[in-house]
Amino acid sequence: MIKGFIFDLDGVITDTAELHFQAWKKLSDDMGWQFDREVNERLRGVSRMDSINIIREHNNAEVSEEKLLELATLKNDIYVASLDQMTPDDYLPGAQELLTLLRQEGFLVALGSASKNSNKVLKQLGATKFFDVIGDGNSVSKSKPAPDIFLFGAEQLKLKPEQCIVYEDAEAGVDAAKAGGFYSVGIGPEERVGHADVRFETMKEATLFEVKSAFGELFDN
Ligand code: BG6
Ligand code: MG
């Protein structure tokens with residue numbers, strides 16, 4: 001029986017992809033590196049250091065580990081400053097309603113994000129209150145597609161993977177949920193999250209009603 005939900009943050013609760021894009025673009029421009037929305041798409045769900053390595057490889061650039069860390073920190077400073085503009089109006093449509101309903105119905109809820117800035121994002125949205133457990137980029141060392149962040153969330157909620165549904169918008173995130181033995185809801189196009197147990201185009205369609213219908217006998221009512 002499903003007792004809990006674990007949510008990815010970026011692309012599920014709020015759309016930070018644009019802010020990440022602007023910050024990586026600024027860094028890339030300063031470095032004389034090529035970076036566009038297509039490359040940005042490959043960073044979805046991927047940790048900060050893995051992201052900068054993808055951009056570096058895309059540009060065939062030779063950069064020392066130390067310099068890479070410095071550049072990632074610069075990008076993060078730009079990104080974190082841009083989060084100041086985020087408000088409770090910035091939930092993806094449907095996300096706040098779903099989190100509110102899960103609370104009312106007594107489900108346990110965890111965050112399972114790769115971002116080390118999760119607490120700040122949740123604070124800006126006023127969403128911290130919806131979560132029993134916050135698993136973020138500081139909670140585990142192996143990032144998605146490893147299942148560690150979701151296993152951490154389930155363990156903290158005192159639930160087994162098969163009692164939880166994971167919401168994910170990234171290919172690597174759905175891979176992580178499946179590797180951990182979780183049920184998964186994919187948010188986005190078929191070519192990205194078509195391997196999830198159930199897929200919706202956007203969060204607006206991924207209501208509790210629809211998810212209960214899709215997973216049928218896994219719910220009490
Ligand atoms: C993920 C995003 O949630 O967090 C990625 O989808 C991002 O794009 C990753 O790189 C790490 O985020 P942060 O905030 O720790 O740099
Ligand atoms: Mg995401």
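Here is a short tour of the domains, cores, helix packing and backbone details of this structure. The model is a predicted one, and its chain is divided into domain 1 (4-15 + 88-218) and domain 2 (17-83). The C-alpha centres of domain 1 and domain 2 lie 25 Å apart. Between the two, 13 residues of domain 1 are in contact with 13 residues of domain 2.

**Nonpolar cores**

- The largest nonpolar core holds 37 residues, and Phe5, Phe7, Phe131 and Tyr167 touch the most other members.
- Two or more residues each come from strands S1 (4-7), S2 (108-112), S4 (164-168), S5 (183-187) and S6 (198-200), and from helices H5 (95-104), H6 (118-125) and H10 (208-215).
- Helix H5 gives the most to this core, with four residues.
- Because domain 1 and domain 2 both give residues to this core, it lies between them.
- Another core, of 15 residues, lies apart from the largest one, and its members include Trp33, Val39, Ile54 and Ile55.

**Helix packing around H1**

- Helix H1 (residues 17-31) and helix H3 (residues 48-58) have axes that come within 12 Å and cross at roughly 45°, which means that H1 is oblique to H3.
- H1 passes H3 in a right-handed crossing.
- On the H1 side, Trp24, Leu27 and Ser28 make this contact, and they meet Arg48, Ser51, Ile52 and Ile55 of H3.
- H1 also packs with helix H4 (residues 65-82), at an angle of about 140° and with the axes 9 Å apart, so H1 is oblique to H4 as well.
- The crossing of H1 and H4 is right-handed.
- Here H1 contributes Leu19, His20, Ala23, Trp24, Lys26, Leu27 and Met31, while H4 contributes Leu71, Leu74, Lys75, Ile78, Tyr79 and Ser82.

**Helix H8 and its cover**

- Helix H8 (residues 171-179) has Ala172, Gly173, Val174, Ala176 and Ala177 among its buried residues.
- Helix H7 (148-157), strands S4 and S5 and helix H9 (190-193) are included in what covers the buried residues of H8.
- Just after H8 comes Gly181, with a positive phi of about 85°.

**A close look at Phe150**

- Phe150 has its place in helix H7 and is buried, with a relative accessible area of 0%.
- Leaving aside residues up to four places away in sequence, Phe150 touches Ile6, Gly112, Lys144, Val166, Glu168, Gly173, Ala176, Ala177 and Phe182.
- Among these partners, Gly173, Ala176 and Ala177 are buried residues of H8.
- Ser51 is 99 residues from Phe150 along the chain, and their C-alpha atoms are separated by 20 Å.

**Backbone details in the loops**

- A cis peptide bond joins Lys144 to Pro145, with omega near 20°, and Pro145 lies in the loop between strand S3 (133-135) and H7.
- Asn60 is not a glycine, yet it has a positive phi of about 45°.
- Asn60 lies in the loop between H3 and H4 and counts as exposed, at 72% relative accessibility.
- Lys158 is not a glycine either, and it has a positive phi of about 60°.
- Lys158 sits in the loop between H7 and S4 and is exposed, with a relative accessible area of 71%.

How values were computed
Residues are numbered from 1 along each chain as its sequence is written. Chains are lettered from A and ligands numbered from 1 in the order in which they are written. This is a predicted model: local features need pLDDT of at least 70, side-chain atom pairs count only at pLDDT 80 or more; totals for chains, interfaces and linings use all residues. Side-chain values use heavy atoms; hydrogens and water are left out. A nonpolar core is a set of buried Ala, Val, Leu, Ile, Met, Phe, Trp, Tyr and Cys residues joined through side-chain atoms within 4.5 Å. Buried means under 20% relative accessible area, exposed over 50%, partly exposed in between (1.4 Å probe, protein chains only). Domain bounds come from an automatic or database domain assignment. Axes are lines fitted to C-alpha atoms, for helices over the stretch in contact, and angles run from 0 to 180 degrees between N-to-C directions. Angles under 35 degrees count as roughly parallel, over 145 as roughly antiparallel, 65 to 115 as roughly perpendicular and the rest as oblique. A crossing is left-handed if the near helix is turned anticlockwise from the far one by less than a right angle, and right-handed if clockwise. Contact means heavy atoms within 4.5 Å.
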